[in-house]
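Visitor: I would like a close look at one part of this structure, and then at how the rest is arranged around it. Please keep the account plain.

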Amino acid sequence: MTRDEVIAKMIEYAAMAFKADPSKLSADTDIAKELGVASTQRVAMSASIENDFDVMIPVARFGNYKTIGDLADYVISEM
């Protein structure tokens, strides 16, 4: 799977979890500033990622990834 494909999935999951318009999200979207920091939404996004990509993202570490692209890069490194 290419980085662009992973980013597209991250955008899909972010849009669902944070109830955001996916057309307004990109690899450069700042998760905390543009989407929010609600833990339930982060858990929902993490669960989708973990189920689809079979990687673990501890909730405490989720905040370490500033952008959707950063999160995608982590997922790729764990695949």
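With which side chain does the side chain of Asp21 make a polar contact?

Guide: This is a predicted model, and what follows should be read with that in mind. The side chain of Asp21 makes a polar contact with the side chain of Ser23, at 2.7 Å. Asp21 itself sits in the loop that joins helix 1 to helix 2. Ile11 is 10 residues away from Asp21 along the chain, and the C-alpha atoms of the two are 9.3 Å apart.

Helix 1 covers residues 3-18, and its axis comes within 9 Å of the axis of helix 3, residues 39-53, the two crossing at roughly 145°. The crossing of helix 1 with helix 3 is right-handed. On the helix 1 side, the contact is made by Val6, Lys9, Met10, Tyr13, Ala14, Ala17 and Phe18. Helix 3 brings Gln41, Arg42, Ala44, Met45, Ser48, Ile49, Asp52 and Phe53. By class, the residues of this contact are 10 nonpolar, two polar and three charged.

Some of these residues return in the largest nonpolar core, which has 24 residues. Met10, Met45, Ile49, Phe53, Ile57, Leu71 and Val75 have the most contacts inside this core. Helix 1, helix 2 (31-35), helix 3 and helix 5 each give two or more residues to the core, and helix 1 gives the most, with nine. In soluble globular proteins, nonpolar side chains tend to be buried together.

Met10 shows how the parts meet. Apart from its neighbours within four places in sequence, Met10 is in contact with Met45, Ile49, Phe53, Ile68, Leu71, Ala72 and Val75.

Thr67 is found between helix 4 (59-62) and helix 5 (68-78). A polar atom of the Thr67 side chain lies 3.4 Å from the backbone oxygen of Ala27. Neighbours within four places aside, Thr67 is in contact with Ala27, Asp28, Thr29, Asp30 and Ile31.

Conventions
Residues are numbered from 1 along each chain as its sequence is written. This is a predicted model: local features need pLDDT of at least 70, side-chain atom pairs count only at pLDDT 80 or more; totals for chains, interfaces and linings use all residues. Side-chain values use heavy atoms; hydrogens and water are left out. Helices (H or I, at least four residues) and strands (E, at least two) are DSSP runs, numbered from the N terminus. A polar contact is a pair of N or O atoms within 3.5 Å; within protein, one must be able to donate a hydrogen and the other to accept it, and residues adjacent in sequence count only if both atoms are side-chain atoms. Contact means heavy atoms within 4.5 Å. Axes are lines fitted to C-alpha atoms, for helices over the stretch in contact, and angles run from 0 to 180 degrees between N-to-C directions. A crossing is left-handed if the near helix is turned anticlockwise from the far one by less than a right angle, and right-handed if clockwise. Ala, Val, Leu, Ile, Met, Phe, Trp, Tyr, Cys and Pro count as nonpolar, Asp, Glu, Lys and Arg as charged, and the others, Gly among them, as polar. A nonpolar core is a set of buried Ala, Val, Leu, Ile, Met, Phe, Trp, Tyr and Cys residues joined through side-chain atoms within 4.5 Å. Buried means under 20% relative accessible area, exposed over 50%, partly exposed in between (1.4 Å probe, protein chains only).
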